[in-house]
Structure formats: C-alpha cells, structure tokens
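Student: I would like to learn how to read a model like this one. Can we take it feature by feature?

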Amino acid sequence: MDLFEKCYQFSRAKEIIAAGVLPYFLTVQENHGPLVKLEGRDVIMAGSNDYLGLSQHPEVIEAACQAAKEFGSSCSGSRFLNGTTTLHTRLEEELADFLGTEACLAFTTGYLTNQGVIQTLVQRNEYLISDKENHASIVAGSLIAKALGANVLRYGTNDMADLEATLKTIPIDAPKLIVTDGVFSMTGRIVDLPKMVELARRYKARVMIDEAHAVGVLGEDGQGTCAHFGLKNGSDVELTMGTFSKSFASLGGFIAGERSVIDYIKFNSQAFRFSASMSPASVGAVRASLRIIRREPERVARLLEISRQVREGVKSHGFKIIEGITPIIPIIIGDDMATFGAWKRLLDNGVFVNAVIAPGVPQGQQLLRVSLIATYKQEHVDKIVEMIGKVGKELGLIGG
Ligand code: PMP
C-alpha cells in the first residue's frame, strides 16, 4: 500500500467541516485583548492561555519591538553557538530570582523544554514516573527516554496512592524522577504537591513540575504551585518547568533548579543545543511580562476572582464542573459531535471556548474548556456565564 493512502482516506476532518462545526484552525482577524474578531464575528476570547492579558499590554509590545530593534528579528542559530544574547542571560537570571532557584535555562518552546529535559535527565535503566494526564510534551520526552532504555511508569492522574504503589515497585536506590503538571491543562486541577513531595522524599525520587498553567496564576505573587502550597522551588521541588506562551504572553519555555543540574541540561540536551534560540522579540516580551507580574500582583488576584465568579455562575446553572480555583474551567459533554455542537452554539452567542476531544482528554470526557483572562471587564465575565447557561438550556445539557 502507498505511504500516503492513510492521508487520502482521512475524512474525519472533512465531515466535521461539512457539518459546519469544526472548532479548530479558526482565523483571528483582529485581536483587541479579551475581544477578538474570529472569521467575521466579534467574540469574547475564553479559550486562550493569555491568563493575565499581557499579550496586549503596551509595555510588553514595546519591549518586544525594542528587543528586535537592538538584536534583530532572529538569533539565526542555537544558544550553544551564536544564539545567546544578553537578553537571554538576563531573562534567565531574572526568572531564577522570581522563582527562588539557583539557575534557569530558556528553551525555544515549552514543548521542547519538556522533551529535552526528560530525555537528558532520565537515562538508561533509570526511572521516570509520570502522571497519566501529563501534557503531550512530557509524553514526547518519556517516549524518547524509553527508546533510549529508561523505564517509564505511569500512575492515575493526581492519584497519590497509585503514585506510592508505583514507587514501591522500584528499587529504593534506583535513580528516579517524578514528573507532573502543576495545574492540569485540560481539567484545571492542581496537583497534590505536598503529598507528592512527601512521597518523593520517602522513596528517594526527584520531582519535576510543569508550571505552564500555574505561573502567573497560583501563589499570591504568581510564582506557581509551590507558592500556592507554601513549598519552595529548587528544594522541595527540584525542577520547575514552564512556558512563556501563557501568562508571560510570548513564546518559549524554561527549566529552573539547582545550578549543576541546569548546567548539565545546558551542555547535554539535544533539544536545547540543536534548535535555534528564542527570538529577541520573544525574550523582550517575557522580560516585560515578568516585570509587570512582579510589580502588579493584583492581576493574579483579579484572575482568581474572575475564575471564582465564572465557576460559581456555571455551577448555578446546573452544570457539574471539576471543583477548583484555577481559570481553566472544564464543562464535560462526553461525546465528540455534542461537544462540537455546544462549542458552535456558544460561538454563535459571542463566546469562544475550546472544544477538547481525545487524545486531549480520555474518550467519554470530551469537554468545553473555558479559560479566562484577567483583563475582562465585568460585562465580559457576566456574558460568559450567561451564554454558557443559555446554550446549556437550549441544548438540554442542563435542566431547563
Ligand atoms: N506543558 C503544558 C502543561 C502545556 O499546556 C503546554 C502548552 N499547551 C506545554 C507544556 C507546551 O508549551 P508551548 O506551547 O510553550 O510549547
């Protein structure tokens, strides 16, 4: 059979397009902060990861422009060779200072960070213990580590009893890394970090946490999951990973922790060494976002307050949601086409959310992922809640 046969036979996307409910690859024609023009419609954006709304902040945009003016539009090479600028090294120092770690290393994307760090650190005959709902980039790193001879074990999501049972099967002195999302990207759940850290100490494992959806969101100053629980990055949790594509309103990723470990990754990670470095504009934007987050922690408080209001509002309509405090609010629909239908109806009512199906979530857990932005006006918050209720009633998802 021809290699391309599967491509010619791939009709699922075409069917959904024909039904007029494809929720993916929509074109944003204008972006005015929490309001966007999507394929001719003005809608409230409730499906982005720009949690603090900083992608529209004049200081961030100006910093991106300034960095491009000073250092050009591209680094045209990897960090290893010609692609390290003073912008990159300053960003790493500032981020380590913010998180309270000895050192930090900036990768080109968050995805590459997870892939690169895991593959580099967990080697032949060593152990990686990973939550089943961890992000695809952690899975990518796990697969490479496994192909190179590491043992990869997975436990039920945020299930600390299952994690302990898994740890018990591994020789106590075997080198091991537990890796988890801090805030799970599809359910908005926060990992039970205190228990995980306790288990890690007892079973002699290191911990790496993916803070993509936690930095700028959790902890009074937006430092993330450790701060939320009164734990420390760099000691209680040895490795803190994050991306710049969410609260930092840019593009890139980072790993932070003990200097000798970060240096090891810097010199040994293929993903780091063989990929061009973050563009100057991206670095400039992150540094400005970090400055604003540190100067104006009230943005984090506002985000959590909005999240509380939307969670309460959606529940008061009769929807069952996964309890929590984060700005990721999953509304489980449980079927592909029903999820797409609800997504479309919400869009027609002026609210854009994300429709998530497998493999983003397990089959039967298909959901609408509502994610919020700190810069909404109150009328936006109210409209999101109102329209979710209206669509829920119209489609019989909740009682009438
Ligand atoms: N980790 C998590 C938990 C994520 O949600 C994402 C992005 N959705 C990434 C890593 C990858 O980050 P990036 O988009 O910056 O590559």
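Student: By class, how many nonpolar, polar and charged residues does the shell around the ligand have?

Tutor: Keep in mind that this is a predicted model. The shell around the ligand has 10 polar residues, 3 charged and 2 nonpolar.

Student: Which residues are the closest to the ligand?

Tutor: The ligand is surrounded by 15 residues. The closest are Tyr111, Asp210, His213, Ser245 and Lys246.

Student: Which helix gives the most to the shell around the ligand?

Tutor: H5 does, with 3 residues.

Student: How do I read the polar atom pairs? What lies 2.6 Å from a nitrogen atom of the ligand?

Tutor: Look for N or O atoms within 3.5 Å of each other. Here, a polar side-chain atom of aspartate 210 is 2.6 Å from a ligand nitrogen. In the side chain of histidine 213, an N or O atom is 2.6 Å from a ligand oxygen. For lysine 246, a side-chain N or O atom is 2.9 Å from a nitrogen of the ligand. As for burial, the ligand taken alone exposes 390 Å², and the protein buries 84% of that.

Student: Next, helix packing. At what angle do the axes of H5 and H10 cross?

Tutor: Angles from 65 to 115 degrees count as roughly perpendicular. The axes of H5 (residues 110-121) and H10 (residues 259-268) cross at roughly 100° and come within 10 Å. H5 is therefore roughly perpendicular to H10. On the H5 side, Val117, Thr120 and Leu121 take part; they meet Val261, Tyr264, Ile265 and Asn268 of H10. By class, this contact has 5 nonpolar residues, 2 polar and no charged ones.

Student: Why is H7 called roughly parallel to H8?

Tutor: Angles under 35 degrees count as roughly parallel. H7 (residues 160-168) and H8 (residues 193-202) pack at about 10°, with axes 10 Å apart. That angle makes H7 roughly parallel to H8. Met160, Leu163, Glu164 and Leu167 of H7 meet Lys195, Met196, Leu199 and Arg202 of H8. The contact has 5 nonpolar residues, 3 charged and no polar ones.

Student: Is the peptide bond between alanine 358 and proline 359 cis or trans?

Tutor: Most peptide bonds are trans. The bond joining alanine 358 and proline 359 is cis, with omega about 10°. Proline 359 is in the loop between strands S13 (354-356) and S14 (367-371).

Key:
Residues numbered from 1 in each chain as written. Predicted model: local features only at pLDDT ≥ 70, side-chain atom pairs only at ≥ 80, totals over all residues. Heavy atoms only, no water. Axes fitted to C-alpha atoms, helices over the stretch in contact; angles between N-to-C directions. Helix = DSSP H or I, 4+ residues; strand = E, 2+ residues; numbered from the N terminus. Parallel < 35°, antiparallel > 145°, perpendicular 65-115°, else oblique. Contact = heavy atoms within 4.5 Å. Nonpolar A, V, L, I, M, F, W, Y, C, P; charged D, E, K, R; others polar. Near = heavy atom within 4 Å. Polar contact = N/O pair within 3.5 Å; in protein donor to acceptor, adjacent residues only side chain to side chain. Areas by Shrake-Rupley, 256 points an atom, 1.4 Å probe, with all protein chains shown as cover.
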